[in-house]
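Here is a short tour for someone meeting this protein for the first time. Take a look at the sequence and the model, then read on.

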Amino acid sequence: MRKAIIVWGGSKIHEPEECAGITGAILREDGFSVEITGDLDIFGSQTIAAADLLVPIITGEKLEKVHANALAEAVRGGLGLGGHHGALATSFKESAAFRYLAGVTWVAHPGNIIDYRVNVTRPNDPVMQGIADFDYRSEQYYLHYDPSVEILATTTFSGEYDEAVRNVTMPVVFKRHFGKGRIFYSALGHVAAEFEHPHMRSILRRGLSWAARR
């Protein structure tokens, strides 16, 4: 049985504990053994390196350099890393080593909660299979992202809320390889209620399963 560890913490704006519980239930449905913890000291433990999947649901907080480096080496060795919305993109923003690993950083969401369109760019990928372009209401994330990512879905900014980003197309869902490890990210899921959107939930489920150690 594959082992997943979900670590939640930081700002409550993203409802990390609630999202961790929902994500844990999804992973258990897919046959994972799941550990959920709010103890950020776990990043200094060998427990993470022995897992198959790590899902940090953390906004802000600090990560010691030695722990960030150890995490990067664990992913290079095959540990899967994945998350949604603030996870990865807003976790440990002061850690250059974690930013290098995650491959994504949140920088803005013009208009805050708005309606926008998600465009599927790789409909034949197993993560997106059967999902057509869809409308979504949440924060439309403007990201800085690694050029190595494989983009599965995008969104295009209208410029209504910030002229500077008019017609900019931005990844919403991507996957990435890091050594032997796999990394998955979806910008959907600002709060726990968004898990009720069937596409948000399906994309996260499939993406996390893809990322897990083989």
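## Two loop residues with positive phi

Let's start in the loop between β3 and α2 (65–76), which is where Glu 61 lies. Helices (H or I, at least four residues) and strands (E, at least two) are DSSP runs here, numbered from the N terminus. Glu 61 isn't a glycine, yet it has a positive phi of about 70°. For background, most residues other than glycine have a negative phi. Glu 61 is partly exposed, with a relative accessible area of 40%. On this scale, buried means under 20% relative accessible area, exposed means over 50%, and partly exposed is in between (1.4 Å probe, protein chains only).

Asn 112 also has a positive phi, near 60°, and is a residue other than glycine. You'll find Asn 112 in the loop between β5 (104–108) and β6. With 44% relative accessibility, Asn 112 counts as partly exposed.

A word on the ground rules: this is a predicted model, so local features need pLDDT of at least 70 and side-chain atom pairs count only at pLDDT 80 or more, while totals for chains, interfaces and linings use all residues. Residues are numbered from 1 along each chain as its sequence is written, and side-chain values use heavy atoms, with hydrogens and water left out.

## The whole protein

Step back and you can pick out five helices and 11 strands in the protein. The radius of gyration is 16 Å, close to the 17 Å that the globule rule gives for 214 residues, so the protein is as compact as a globular protein of that length. That radius is taken over C-alpha atoms, and the rule is 2.2 Å times the number of residues to the power 0.38. Along the principal axes, the C-alpha atoms fill a box of roughly 45 × 35 × 30 Å.

Of the 214 residues, 54% are buried. Among contacts (heavy atoms within 4.5 Å) with a separation of 6 or more, 72% come from residues 24 or more positions apart.

## The sheet

Two strands pair if DSSP finds at least two bridges between them.

Strand β3 is mostly covered, with seven of its seven residues buried. One side has Leu 53, Val 55, Ile 57 and Thr 59, and the other has Leu 54, Pro 56 and Ile 58. β3 pairs in the parallel sense with β1 over seven bridges, where Gly 9 has Ile 58 as its bridge partner. With β4, β3 also pairs in the parallel sense, over two bridges, and Leu 54 stands opposite Leu 81.

Strand β6 (residues 113–120) pairs antiparallel with β7 over six bridges. Its covered face holds Ile 114, Tyr 116, Val 118 and Val 120, while Ile 113, Asp 115, Arg 117 and Asn 119 make up the uncovered one. Ile 114 has Ser 138 of β7 as its bridge partner, and Arg 117 stands opposite Asp 135. Two bridges join β6 to β9 (residues 150–156), again antiparallel, with Asn 119 opposite Thr 154.

## Aromatic rings

The count of aromatic pairs comes to eight. Rings of Phe, Tyr and Trp (its six-membered ring) pair if their centres lie within 6.5 Å; planes under 30 degrees apart count as stacked, over 60 as edge-to-face and the rest as tilted. Phe 43 and Phe 92 form an edge-to-face pair, 5.3 Å centre to centre with 85° between the planes. Phe 43 lies in the loop between β2 and β3 and Phe 92 in the loop between α3 (86–89) and α4 (96–102), so the pair ties together parts that are 49 residues apart in sequence.
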